[in-house]
Amino acid sequence: MARHLASWGPFLALGLALQVGLGVGLGVSGILLGAGPALAVDADGGSLFQAHCVGCHVNGGNIIRRGRTLKMKALERQGINSPEAIATIAAQGIGQMGAYGQVLGPGGPERVGLYVWQQALGGWSTK
Ligand code: HEC
């Protein structure tokens with residue numbers, strides 16, 4: 001019995017390694033395909049938002065400057081009228097908000113900008 005199990009060990013390990021490898025591979029290709037399917041872009045922008053923005057912008061609000069939220073009305077008031085405008089702010093910062101281009105990485109500001117824009121369009125009803 002012990003020998004039987006031992007002989008399967010390497011195969012199980014290989015199977016696991018393949019699964020993990022595949023998972024990582026898919027994740028990476030999702031990132032590389034920044035302009036890929038809308039759903040994948042959403043999910044990715046969403047996780048960037050959760051990682052880097054939600055601390056101050058929970059539910060699209062603003063815990064530091066109350067009027068400067070990520071809701072459509074506030075964005076319009078500031079003339080922020082496209083995903084690209086949000087991406088620029090994410091990358092370079094604005095006023096009291098620092099720049100996040102470095103931590104968001106290549107293509108990150110664009111993806112988080114698109115996510116914020118879509119959330120604003122939807123009234124931040126899906127978090
Ligand atoms: C440490 C807190 C903090 C974090 C983290 C933060 N922001 Fe901000 N954000 C602010 C503040 C404060 C303002 C108002 C800036 C000002 O003084 O003009 C702001 C403003 C904005 C605005 C303009 C909103 C408006 O109504 O004028 C956008 C868009 C924005 N942030 C996007 C983001 C994105 C995207 C991220 C994540 C990459 C992020 N912010 C992370 C604090 C933060």
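Modeller: Asn59 is exposed, because 12 other C-beta atoms lie within 10 Å of its own. The cut-offs, with C-beta atoms placed from the backbone, are 12 or fewer such atoms for exposed, 20 or more for buried, and partly exposed in between. This is a predicted model: local features need pLDDT of at least 70, side-chain atom pairs count only at pLDDT 80 or more, and totals for chains, interfaces and linings use all residues. Residues are numbered from 1 along each chain as its sequence is written.

Asn59 sits in the loop between helix H2 (38-52) and H3. Its phi is near 55°, positive although Asn59 is not a glycine. Most residues other than glycine have a negative phi. Trp124 also has a positive phi, near 55°. Trp124 lies in the segment after H6. It is partly exposed, with 19 other C-beta atoms within 10 Å.

Now the chain. It has six helices and zero strands; these are DSSP runs numbered from the N terminus, helices being H or I with at least four residues and strands E with at least two. Buried residues make up 24% of its 127 residues. Among contacts between residues at least 6 apart in sequence, 58% join residues at least 24 apart. A contact here means C-beta atoms, placed from the backbone, within 7 Å.

H4 and H6 pack at about 125°, with axes 7 Å apart. Axes are lines fitted to C-alpha atoms over the stretch in contact, and angles run from 0 to 180 degrees between N-to-C directions. The pair is therefore oblique, a class left over after under 35 degrees (roughly parallel), over 145 (roughly antiparallel) and 65 to 115 (roughly perpendicular). On the H4 side, Pro83, Glu84, Ile86, Ala87, Ala90 and Ala91 meet residues of H6 that include Pro109, Val112, Leu114 and Trp117. The contact has 10 nonpolar, one polar and two charged residues. Nonpolar covers Ala, Val, Leu, Ile, Met, Phe, Trp, Tyr, Cys and Pro; charged covers Asp, Glu, Lys and Arg; the others, Gly among them, are polar.

Last, the ligand. Of the 26 residues around it, Cys53, Cys56, Gly95, Gln96 and Met97 come nearest. A residue is near if its C-beta atom, placed from the backbone, lies within 6 Å. Helices H3 (72-77), H4 (83-92) and H6 (108-121) each give two or more residues to this shell. H4 gives the most, with three. By class, the shell has 16 nonpolar, eight polar and two charged residues.

Definitions and conventions. Two residues are in contact if their C-beta atoms, placed from the backbone, lie within 7 Å.
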